[in-house]
Amino acid sequence: MKPAKGVLPFIPGAAALRQLGYETSAFAPPSSTSSFPDGGLWRVEIPSVEGPKALEAVLEESESLEVPIHRVSQGSGVTMLTDVEIRDMVLMCEERGIELCLFARPGANWDIGAARDAAGGLSGRARGLSQLSAAIAEIQRASDLGVKSLLVSDEGLLVSAHQLRVSGLLPPGIQFKTSVMAAPLNPAAVVVHGLLGADTVNVPSDMSLQQLREIREACDTTLDFYIEAPDNIGGFVRHHEIYEIIRVASPVYVKFGLRNAPDVYPSGVHLQSLVVETCRERVRRARLGLDLLDRAPFQLPMSPQGSRLQHQPRRLKLED
């Protein structure tokens with residue numbers, strides 16, 4: 001672990017308010033002393049990139065707006081992409097040093113008798129052995145097509161996929177990212193996700209800075225955090241806190257979802273124009289967040305583009 005040295009708190013506008021007698025920084029959680037193995041504190045992720053056309057739009061917009069991207073993720077699932085589409089996305093990402101993360105589905109909310117809530121909730125879990133085996137099959141399929149990062153929303157699926165990785169039935173370099181639909185709410189739960197095989201963990205976007213600090217005191221597992229969250233997971237817009245979130249939670253992927261945008265899962269040609277335009281806006285939202293970081297008096301080091309290594313969390317000892 002490389003400590004983050006000299007990282008100081010920063011709240012935009014605080015100096016001006018101080019002149020008016022308002023103290024905005026009476027309590028600031030300590031800075032994280034963890035970083036990515038490359039020394040960076042943060043990376044950029046663009047979520048809901050649902051296919052090759054959406055990925056092309058993200059790449060075009062990122063070049064136009066000069067937004068570095070470390071990872072793109074998809075939510076409709078491996079099932080909803082053809083082999084050709086997956087290979088095209090793998091190639092486009094490899095050419096630019098971007099990690100491609102596809103969702104391992106199905107989940108209970110796509111099954112008979114599913115209980116639904118606004119964010120998916122428990123319905124994102126694999127329901128029965130039929131869905132668990134289907135999700136494992138899709139992880140294997142994606143891996144065979146060159147995908148090196150899979151998104152999961154079920155602890156049973158996570159530990160099963162990790163067992164396959166340990167046994168050599170999946171490549172040792174494949175990474176598993178736990179979805180916000182299975183988001184842990186406390187430090188012990190984050191540790192459990194790591195024990196079960198998670199390489200990065202998406203925590204809820206309504207966590208306070210102090211709660212993020214509590215996680216960081218317990219482990220150095222990489223976190224994923226929506227700076228702007230879609231409506232179905234709260235619709236929080238926390239661009240103004242991006243500096244402090246990185247300072248307290250690093251190493252962290254800052255994710256730029258989109259409020260006031262329809263849920264497009266599962267996506268397809270019938271939603272393609274909407275998906276493409278919302279992807280472009282997610283990149284623009286990322287530019288807004290990066291502009292806030294650029295205006296801060298202290299710079300937080302970003303991982304080089306192309307970096308994907310994580311600190312491996314402590315794992316459960318799996319029996320042969």
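**Loops, a helix, a core and some charged pairs**

Q: Where is tyrosine 22 found?
A: Helices (H or I, at least four residues) and strands (E, at least two) are DSSP runs, numbered from the N terminus. On that scheme, tyrosine 22 is found in the loop between α1 (14-19) and β1.

Q: What kind of model is this, and what pLDDT do local features need?
A: Residues are numbered from 1 along each chain as its sequence is written, and side-chain values use heavy atoms, with hydrogens and water left out. The model is predicted: totals for chains, interfaces and linings use all residues, side-chain atom pairs count only at pLDDT 80 or more, and local features need a pLDDT of at least 70.

Q: Is tyrosine 22 buried or exposed?
A: Buried means under 20% relative accessible area, exposed over 50%, and partly exposed in between (1.4 Å probe, protein chains only). With a relative accessible area of 52%, tyrosine 22 is exposed.

Q: How much accessible area does the nonpolar patch of Leu17, Leu20 and Tyr22 have together?
A: Patches are made of residues with over 30% relative accessible area and no salt bridge; like charges are joined within 9 Å, and nonpolar side chains (Val, Leu, Ile, Met, Phe, Trp, Tyr) within 5 Å. Areas come from the Shrake-Rupley method with a 1.4 Å probe, and for residues only the protein chains shown count as cover. The three residues sit on the surface, and together their accessible area is about 330 Å².

Q: How far does α2 reach from its first C-alpha to its last?
A: The expected span of a helix is 1.5 Å times one less than its number of residues. α2 (residues 52-65) has 14 residues, and its reach is close to what is expected: 20 Å.

Q: Which elements do the buried residues of α2 pack against?
A: The buried set in α2 includes Pro52, Leu55, Val58, Leu59 and Ser62. Contact here means heavy atoms within 4.5 Å. The packing partners are β1 (42-46), β2 (71-73), α3 (83-96) and α9 (272-295).

Q: What is the phi of glutamate 66?
A: Most residues other than glycine have a negative phi. Glutamate 66 follows α2 and is exposed, with a relative accessible area of 64%. Although it is not a glycine, glutamate 66 has a positive phi of about 55 degrees.

Q: Is serine 48 buried or exposed?
A: Serine 48 is in the loop between β1 and α2, and its phi is also a positive one, near 60 degrees. At 10% relative accessibility, serine 48 counts as buried.

Q: Which residues does proline 68 contact, leaving aside neighbours within four places in sequence?
A: Proline 68 is in the loop between α2 and β2, and at 14% relative accessibility it counts as buried. Its contacts are Val44, Leu290, Met302 and Gln305.

Q: Which residues have the most contacts inside the largest nonpolar core?
A: A nonpolar core is a set of buried Ala, Val, Leu, Ile, Met, Phe, Trp, Tyr and Cys residues joined through side-chain atoms within 4.5 Å. Tryptophan 42 touches residues including Phe36, Ile246, Val254 and Leu293. The largest core has 71 residues, and those with the most contacts inside it are Trp42, Val72 and Leu212.

Q: How many salt bridges does the structure hold?
A: A salt bridge is a side-chain nitrogen of Lys or Arg within 4 Å of a carboxyl oxygen of Asp or Glu. By that rule, the number of salt bridges in the structure is 23.

Q: How many residues apart are arginine 125 and glutamate 155?
A: Their side chains meet in a salt bridge (3.0 Å, N to O). The pair links distant parts of the chain, with arginine 125 in the loop between β3 (99-103) and α4 (128-144) and glutamate 155 in helix α5 (residues 155-167); they are apart by 30 residues.

Q: What separates glutamate 217 and arginine 213 in helix α7?
A: These two side chains form a salt bridge (3.3 Å, N to O). Glutamate 217 is exposed at 55% relative accessibility, while arginine 213 is buried at 13%. Because they are four residues apart in α7 (residues 209-218), they are separated by about one helical turn.

Q: What is the omega of the peptide bond from serine 250 to proline 251?
A: Proline 251 is in the loop between α8 (242-249) and β8 (252-256). This peptide bond is cis, with omega near 5 degrees.
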